[in-house]
Amino acid sequence: MKAAAVLALALLTAVPAWAGAPTDQLKANIDRVIQTLEDPALKAPARGGERRTALRRIADETFSFEEVSRRALGLHWQRRTPAEREEFVRLFADLLERSYIGKIELYSGEKVRYVGETVEDGRATVRTKIVTRQGNEVPVDYQMLPRGDRWVVYDVKIEGVSLVGNYRTQFDRIIQTSSYQTLVTKLKTSKDEALETARAGARN
């Protein structure tokens, strides 16, 4: 199962046996996702855009895309201007949301169980296991931090592999072998292609 699919399923199906503050807030957002997907009024193909907008809103509240972006760029983040950082956060968040929402819409009944939660040095780790339809278990750990009065996700580790770390390796390779602007261009191209695909689907 691809990492993005596992992440989407974990966010959609998690049902904790017990919960601390990070788990409580994650669970609340998961419930909102389920309600959106099960809303009869939003299941019609013509309402697909509205459904995805609602799911993106929930994703914005679940993740700290600025923190995710900062960690994904690593040392390169410090070299960016405020305007460049703002642009990168917007483009990277769009990439993650498109992948996340697309996989959530393929959900087919997988289950998730919580196996623990720890809070240390102002950071939280919520440990879960996805149980696939074949009975296999996939460990998924959520890295969270406080933002005001809520907890937000800044990284997800699937079978011990960091989602942010994966992107950081890819982004660093592009910047080192070409340039930061090349990375931005690739992100913009990906967004434009997704928009064109969506428009083509709407016409059909």
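Modeller: Let's start with a term: a residue is buried under 20% relative accessible area, exposed over 50%, and partly exposed in between (1.4 Å probe, protein chains only). This is a predicted model, where local features need pLDDT of at least 70, side-chain atom pairs count only at pLDDT 80 or more, and totals for chains, interfaces and linings use all residues. Residues are numbered from 1 along each chain as its sequence is written, and side-chain values use heavy atoms, leaving out hydrogens and water.

Biologist: Thanks! Why is Glu-159 called exposed?

Modeller: Its relative accessibility is 55%, so Glu-159 counts as exposed. Glu-159 sits in the loop between β4 (150-158) and β5 (161-162); strands here are DSSP runs of E, at least two residues, numbered from the N terminus. Glu-159 also has a positive phi of about 55°, although it is not a glycine.

Biologist: And what makes Asp-121 exposed?

Modeller: Asp-121 has 73% relative accessibility, and therefore counts as exposed. The loop between β1 (111-120) and β2 (123-131) holds Asp-121.

Biologist: How do you know that the span of helix α6 agrees with its number of residues?

Modeller: A helix is a DSSP run of H or I, at least four residues, and its expected span is 1.5 Å times one less than its number of residues. The 15 residues of α6 (residues 163-177) should therefore span 21 Å, and the end C-alpha atoms are 22 Å apart, which agrees.

Biologist: Which residues of α6 are buried?

Modeller: They are Leu-163, Val-164, Gly-165, Tyr-167, Phe-171, Ile-174 and Ile-175.

Biologist: What does Leu-183 touch?

Modeller: With contact meaning heavy atoms within 4.5 Å, Leu-183 touches Leu-73, Phe-88, Phe-171, Ile-174 and Ile-175, leaving aside residues up to four places away in sequence.
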